[in-house]
Amino acid sequence: MVFFIQALLCLASEYIKKVYLRSMEKDMTKIFGLRAILEAINAGQEIEKVYLQKEIQGSLAKALQHKINENNISFSYVPLEKLNKLSKFQNHQGAVAKTSSIQFKDLDELLTEITASNTSPLFLLLDQISDVRNLGAILRTAECTGVDAVIIPSHGSAPINGDAIKTSAGAAFNLNICKVSHVLDAVYLLKAHDIQIVSITEKTDKSIYEIDFTTPTALVMGSEDKGITTSVLKNSDQKGKLPLSGSIDSLNVSVACGAALYEIVRQRS
């Protein structure tokens, strides 16, 4: 009888989780019109996806397509009927965008707030993580390990879209997430608040287990293909690597990030 009740509770918990995730995926706002979408992207709005009418023409359409490619935004060409359905027959001008409900914080203001209340804050700086599922997995681990804020660049990073939110299991909504124009500017700002910059990279002989993470720290993780930007590495206070015993010379970035974050948890426990 006890086992049966436990099984029912488990099934109920999984059902509630699935409903919650579906509701998050639907928690999107739509933007209609070429110019409106273009302005939203320029303003730094997180775009989930852009739907463009097939064979759309004109200078504004070309400008939007260029901006979409420049910012690595997901898009697809669809028939007019699809756009009419998405917009519920509002004036869409051949373009509809879905935007995520994630609200980004101002890094400067957040730093002042966090450092005033926390003597040993932990920040996570993601230097152009390009895969949305890696980003989502990292956000989930960051939330579980008590990261105070996650910092991502406005350009060159995977979007925090429905896939990323789903992979994060909703953790994206529980984190302070900041967008910055340039990663290096964020590094300078963090250092100005006496926060050590620790980059996880294979380009060092030092193990992460030799680094003191009990002080205020910003952990830097690089992109899947290029790693951490050279300028960010040069301005790091510490560089550490994870020991590898197998024949493969690198870890998936979300796995490496999890290992590094839990070393910080271990040291601070």
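**Close-ups of a helix pair and some salt bridges**

**View 1. Asp237 and Lys191 pair up in a salt bridge.** The closest N and O atoms of Asp237 and Lys191 are 2.8 Å apart; to count as a salt bridge, a side-chain nitrogen of Lys or Arg has to be within 4 Å of a carboxyl oxygen of Asp or Glu. This is a predicted model, where local features need pLDDT of at least 70 and side-chain atom pairs count only at pLDDT 80 or more, while totals for chains, interfaces and linings use all residues. Residues are numbered from 1 along each chain as its sequence is written, and side-chain values use heavy atoms, with hydrogens and water left out. The pair ties together distant parts of the chain, 46 residues apart: Asp237 sits in the loop between helix H9 (230–234) and strand S10 (238–240), and Lys191 is in helix H8 (residues 183–192). Helices (H or I, at least four residues) and strands (E, at least two) are DSSP runs, numbered from the N terminus. Asp237 is partly exposed because its relative accessibility is 40%, and Lys191 is partly exposed too, at 28%. (Buried means under 20% relative accessible area, exposed over 50%, and partly exposed in between, using a 1.4 Å probe and protein chains only.)

**View 2. Asp163 meets Arg133 in a salt bridge.** Here the N to O distance is 3.9 Å. Asp163 belongs to helix H7 (residues 162–167) and Arg133 to helix H6, so to speak a link between distant parts of the chain, 30 residues apart. Asp163 is partly exposed at 37% relative accessibility, and Arg133 is partly exposed at 49%.

**View 3. Arg266 and Glu263 form a salt bridge within helix H10.** The N to O distance is 2.9 Å, and the two residues are three apart, about one turn of the helix. Which of them is buried and which exposed? Arg266 is exposed at 54% relative accessibility, whereas Glu263 is buried at 4%. Across the whole structure, a search turns up four salt bridges.

**View 4. Helix H6 (residues 132–144) packs against helix H10 (residues 253–268).** Their axes are 9 Å apart, at an angle of about 10 degrees, which makes H6 roughly parallel to H10. (Axes are lines fitted to C-alpha atoms, for helices over the stretch in contact, and angles run from 0 to 180 degrees between N-to-C directions; under 35 degrees is roughly parallel, over 145 roughly antiparallel, 65 to 115 roughly perpendicular, and the rest oblique.) Residues making the contact (heavy atoms within 4.5 Å) include Ala137 and Ile138 of H6 and Cys257 and Leu261 of H10.
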